[in-house]
Amino acid sequence: MRGTLAGRITLVCLAVAGVAVIVAGLVAARLIRTTADNVLQSSLSAQADVVATQLDETGIGNRLGVGKVADVVRGQGISVVVRRAGGGQALGEAVAVQAAGKLGLGADHSGRVTVGGSQYLVETRVVGTRGAAFALVLPARNAEATQRALVRNIALALGIGLLVAALAGFVSGRLLGRPLRRAAAAAGALRAGRRDVRVPVQGPREVAEVAGSLNSLADALAVSEARQRDFLLSVSHELRTPLTAVTGFAEAIADGVASGDDAVRAGQTIQREAVRLERLVTDLLELARLGADEFRLDVTSLDLGALVRDCAEVWQLRCAREDVELRVSAPSSPVLVVADARRLRQVVDGLAENALRVTPSGAPMVFSLSVSASEASLSVRDGGPGLAPEDYPVAFERGVLNARYRDRRPVGSGIGLALVHGLVTRMGGTLTAGPAPEGGAAFTMTFPLAPAGPRGR
Ligand SMILES: Nc1ncnc2c1ncn2[C@@H]1O[C@H](COP(=O)(O)OP(=O)(O)OP(=O)(O)O)[C@@H](O)[C@H]1O
Ligand SMILES: [Mg+2]
């Protein structure tokens, strides 16, 4: 209980209430005691004044007169001391006489004296001019009863105060603790792997801040995990085509389909594709080391014509196996653009994978490079079923076309076009989709021509 927020707040409330009641009680006790004393003294004084009007010098000398007065006040615990006119002994109860003597009967006095360890309130009055006087003496212990009642009341107040404080502390502790407990539960769910948990941002500002921070943490976790997932998807996507090529060419050699010069060229292609794979793996290692989740771009001035011919070399075999005719058209002079050659290969691979998957045997697949005054355009076209007009605007949104065609055609994982589009855009080019004259789809990337470098002259 002491460790919980509710427990602590309850304890603090109890302590505050206890201290407040005790301090208030002490102050009140002092105040009430002096007030009670003053009230007693002034009532005694008033009584003495009344008695003074009732008694004259003869009355004081007269036992009967004094006896009447003494009877009236004795009921209230007051003793009467008298001194007759002409001086002489003061008469009355011994203690009262002593108390009166301490204050002195020579004049009108009002005061408090101590006799034998007890306190007495004393009022003296002089009657007439010949030394007659009397005193009213009241033991101060009458005030103690009042004090005892006071202490009882303070104890009662203390009890009620503590009870209310305990209740208030417990309730406010529970109220404050509830959102915190909710936040803790949400954090537990996050740790267990759930990413959809959100805590309502409400309550006192500090508590709301905790909830807000927790929600942002959940958002950040979800985003970073999504990026990691995307990255893994793109990596596996990019490893796939070179691996297929290596397998295909190796099979061709092993089966004896490629022999002589063909086998040599197949071996060279395998080697080149293996180097690409190795570079991809190096990239991965580098990314892991840097903690990044996007491939670095190495943009240089490169010859798109040579790149198209390289691609054709690799895709020739796969097309041949599917009985698809691969047509390549590219100007023989260099076509220089600024881009990353390896990423461009990934782009062509992604588009060619899509095209070959849907192109029926006997139909063509085309790599076509054309150059205008300021731009170079590389198209991957096919003679397959193509896309519907409403497909083009959403072609590069991840998974959309894949979902549309999943039931009708062979499809992959649905991220290829989005990846390809992202790469082309990052390299400063544009990628568009449209119908192909061969009957299928045409995907065209366009790059501005690079200013002719040493290779171009
Ligand atoms: N040339 C094309 N002709 C006809 N349909 C195409 C063509 N290219 C893409 N598509 C359609 O668009 C969908 C999305 O292509 P995308 O490359 O994004 O994903 P995918 O090929 O299904 O999977 P992944 O590339 O991740 O293996 C494909 O599934 C296919 O239905
Ligand atoms: Mg694809």
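Predicted model: local features only at pLDDT ≥ 70, side-chain atom pairs only at ≥ 80, totals over all residues.
**View 1. Helix H1 (residues 5-54) lies across E3, strand E4 (118-127) and E5, running at about 30° to E4.** Next up is helix H4 (residues 94-103), which packs on the sheet and touches E1, E2, E3, E4 and E5; the direction of H4 makes about 125° with that of E3. Touching, or contact, takes two residues whose C-beta atoms, placed from the backbone, lie within 7 Å. Angles run from 0 to 180 degrees between N-to-C directions, and axes are lines fitted to C-alpha atoms, for helices over the stretch in contact. The labels are DSSP runs numbered from the N terminus: helices are H or I with at least four residues, strands are E with at least two.

Residues are numbered from 1 along each chain as its sequence is written, while chains are lettered from A and ligands numbered from 1 in the order in which they are written.

**View 2. Five strands make an open, antiparallel sheet in the order E2-E1-E5-E4-E3.** At the edges sit strand E2 (90-91) and strand E3 (109-115), each pairing on one side only. Pairing here takes at least two DSSP bridges between two strands. Strand E1 (residues 79-83) and strand E5 (residues 132-139) pair in the antiparallel sense over five bridges, and valine 82 stands opposite phenylalanine 134 in E5.

**View 3. The other open sheet of five strands has mixed pairing and runs E7-E9-E10-E12-E11.** Strand E7 (325-329) and strand E11 (430-435) are the edges; each has a single partner strand, so one side of each is left without a neighbour in the sheet. From one strand to the next, the twist averages 15°. Strand E10 (residues 375-382) and strand E12 (residues 441-448) pair in the antiparallel sense over seven bridges, with threonine 446 of E12 as the bridge partner of serine 377. H9 lies across strand E9 (364-371), E10 and E12, at about 25° to E10.

**View 4. Helix H8 (residues 304-321) packs with helix H9 (residues 341-358) at about 35°, axes 11 Å apart.** The crossing is right-handed, as the near helix is turned clockwise from the far one by less than a right angle. H8 brings Leu307, Cys311, Trp315, Arg318 and Cys319 to the contact, and H9 brings Ala341, Leu344, Arg345, Val348, Ala352 and Leu356. By class that's nine nonpolar, no polar and two charged (Ala, Val, Leu, Ile, Met, Phe, Trp, Tyr, Cys and Pro count as nonpolar, Asp, Glu, Lys and Arg as charged, and the others, Gly among them, as polar).

**View 5. Ligand 1 is surrounded by 23 residues.** To make the list, a residue needs its C-beta atom, placed from the backbone, within 6 Å of the ligand. The closest are Asn354, Leu401, Gly412, Gly416 and Leu417. H9, helix H10 (400-405) and helix H11 (416-426) each supply at least two residues of the shell. The shell has 11 nonpolar, 10 polar and two charged residues.
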